[in-house]
Amino acid sequence: MKKRMIFLVAAAALALAGCGSGTSVKKEGNSADAKTFKLGVNLELSGAVAAYGDVESDGIKLAVDEINKDGGIDGKKIEIVDKDNKSDNDEAASVSANLATNEKVVAQIGPATSGASKSSLANLTKAGVPMITPSGTDDSITVDGDKVQKYAFRSCFQDSFQGTILAQYADNKLNSKKAVILSDSSSDYAKGLSKAFKDEYKGQIVDEENFVAGDKDFQAILTNIKDKDFDVLYIPAYYTEAGLIVKQAREMGIKQAIVGADGFGDEKFVETAGAANASNIYYTAHFSTSAPASDKVPAFVDAFQKKYNTAPSQFAALAYDAVYMVKQAAEKEGTDSASIQKGLANLKDFKGVTGSISIDKNHNPEKSAVVLGLTNGKESSADAVNPE
């Protein structure tokens with residue numbers, strides 16, 4: 001009995017000593033080492049929506065090159081650890097686990113899409129590693145029900161914001177009284193955009209039609225709406241289907257204004273629709289050189305063109321800002337995952353190329369939007385707008 005008591009006292013003393021030193025307590029997330037800041041990149045570099053991931057990768061690499069040339073983050077050079085999630089939600093989750101657990105990244109940029117971002121979040125939360133999605137706009141990425149997702153952030157505005165903006169634009173700028181909604185029933189992105197539009201739109205929704213991602217032939221659906229009385233056709237969808245819908249709609253003689261969200265914002269949208277068909281088109285964007293949101297835009301555009309021999313898209317700009325958001329958070333709070341999470345949650349007055357950003361209590365950026373207009377496939381208008 002006496003030996004047992006001595007053993008228990010000694011064990012308790014060792015446990016207390018361990019707690020006092022902090023060596024036995026598992027730290028949240030990962031830490032940068034003395035020279036290297038490991039930044040994970042989880043993007044759609046192949047598969048159905050690789051056009052988003054490719055340009056976001058370009059924006060990330062430009063930002064990292066600039067930061068490293070300027071001395072890095074707190075004297076540490078950024079090392080990109082990038083992996084392709086293949087435009088697959090399950091693969092995105094696996095990539096996030098690998099980056100956080102095996103590669104020991106301190107933060108992650110991406111994925112680009114809402115579904116992949118949500119799939120990634122459970123593994124990142126378990127590992128304690130914060131994520132910024134440049135273009136995942138689904139509201140539930142950052143707030144699930146009434147619970148704020150601690151490790152989820154974004155540099156883009158969310159679906160409820162742009163759906164509201166588009167409804168107000170249709171009401172006030174396009175003088176629309178009647179609308180038809182043609183939505184992707186398989187996409188959380190489209191569902192959120194549709195709900196926000198319907199909640200805000202002052203006119204009448206005369207019809208709602210649905211398709212699923214991967215559809216190619218929209219003739220039957222468009223025939224259903226062709227002879228209806230409406231002013232605006234609202235298409236909350238990615239460029240992959242939206243471009244085909246616009247092409248087929250215009251070829252069938254549907255001439256009404258077409259309104260969409262940021263999923264239209266890739267050059268492949270116009271390539272698919274055909275430039276001649278891409279007129280009287282309006283969509284929300286996060287960035288436009290025609291309506292620059294900050295004085296940083298000219299230098300960014302110049303640097304991007306020099307590096308890639310092309311102008312930057314909104315997705316490149318959002319990814320570029322995401323890296324600099326991580327930098328500001330880390331330099332204010334520290335270069336470990338927990339400190340970066342804290343820095344992002346409290347980010348205020350960040351000056352990015354997509355505008356001034358402050359992160360709100362729900363981990364969403366407070367920023368303005370741009371509604372772009374297309375005529376013959378070219379940008380013909382750019383209106384900076386805020387919700388009323």
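1. Which residues in α5 meet which residues in α6? In this predicted model, Asp159, Ser160, Gln162, Gly163, Thr164, Leu166, Ala167, Gln168, Ala170 and Asp171 in α5 meet Asp188, Tyr189, Gly192, Leu193, Ala196, Phe197 and Glu200 in α6, where contact means heavy atoms within 4.5 Å. By class, this contact has 7 nonpolar, 6 polar and 4 charged residues, with Ala, Val, Leu, Ile, Met, Phe, Trp, Tyr, Cys and Pro counted as nonpolar, Asp, Glu, Lys and Arg as charged, and the others, Gly among them, as polar.

2. On the basis of the note: residues are numbered from 1 along each chain as its sequence is written, and side-chain values use heavy atoms, with hydrogens and water left out. Local features need pLDDT of at least 70 and side-chain atom pairs count only at pLDDT 80 or more, whereas totals for chains, interfaces and linings use all residues.

3. The axes of α5 (residues 159-172) and α6 (residues 188-200) come within 7 Å and cross at roughly 45°, the axes being lines fitted to C-alpha atoms, for helices over the stretch in contact, with angles from 0 to 180 degrees between N-to-C directions. The two helices are therefore oblique to each other, given that angles under 35 degrees count as roughly parallel, over 145 as roughly antiparallel, 65 to 115 as roughly perpendicular and the rest as oblique. The crossing of α5 and α6 is right-handed, that is, the near helix is turned clockwise from the far one by less than a right angle. Helices (H or I, at least four residues) and strands (E, at least two) are DSSP runs, numbered from the N terminus.

4. Helix α3 (residues 89-102) packs with α4 at an angle of about 30°, with the axes 8 Å apart, and α3 and α4 are therefore roughly parallel to each other. Their crossing is right-handed. The contact is made by Asn89, Ala92, Ala93, Ser94, Ser96, Ala97 and Ala100 of α3 together with Gly115, Ala116, Ser119, Ser120, Asn123, Leu124 and Ala127 of α4, and by class it has 7 nonpolar, 7 polar and no charged residues.

5. β13 pairs with β14 (residues 355-359) over 3 bridges, and Gly352 stands opposite Gly355 in β14.

6. Strands β10 (residues 232-235) and β11 run parallel and are joined by 4 bridges, with Val232 opposite Ala257 in β11. From β11 (residues 257-260), Ala257 and Val259 point one way and Ile258 and Gly260 the other way, and all are buried, which is to say under 20% relative accessible area, with exposed set at over 50% and partly exposed in between (1.4 Å probe, protein chains only).

7. Most residues other than glycine have a negative phi, and most peptide bonds are trans. A cis peptide bond, with omega about 0°, joins Gly110 and Pro111, and Pro111 lies in the loop between β3 (107-109) and α4 (114-127). Asn280, in the loop between α9 (267-273) and β12 (281-285), has a positive phi near 60° and is partly exposed at a relative accessible area of 28%. Asp349, in the loop between α12 (337-345) and β13, has a positive phi of about 55° although it is not a glycine, and counts as exposed at 51% relative accessibility.

Key:
Pairing = 2+ DSSP bridges.
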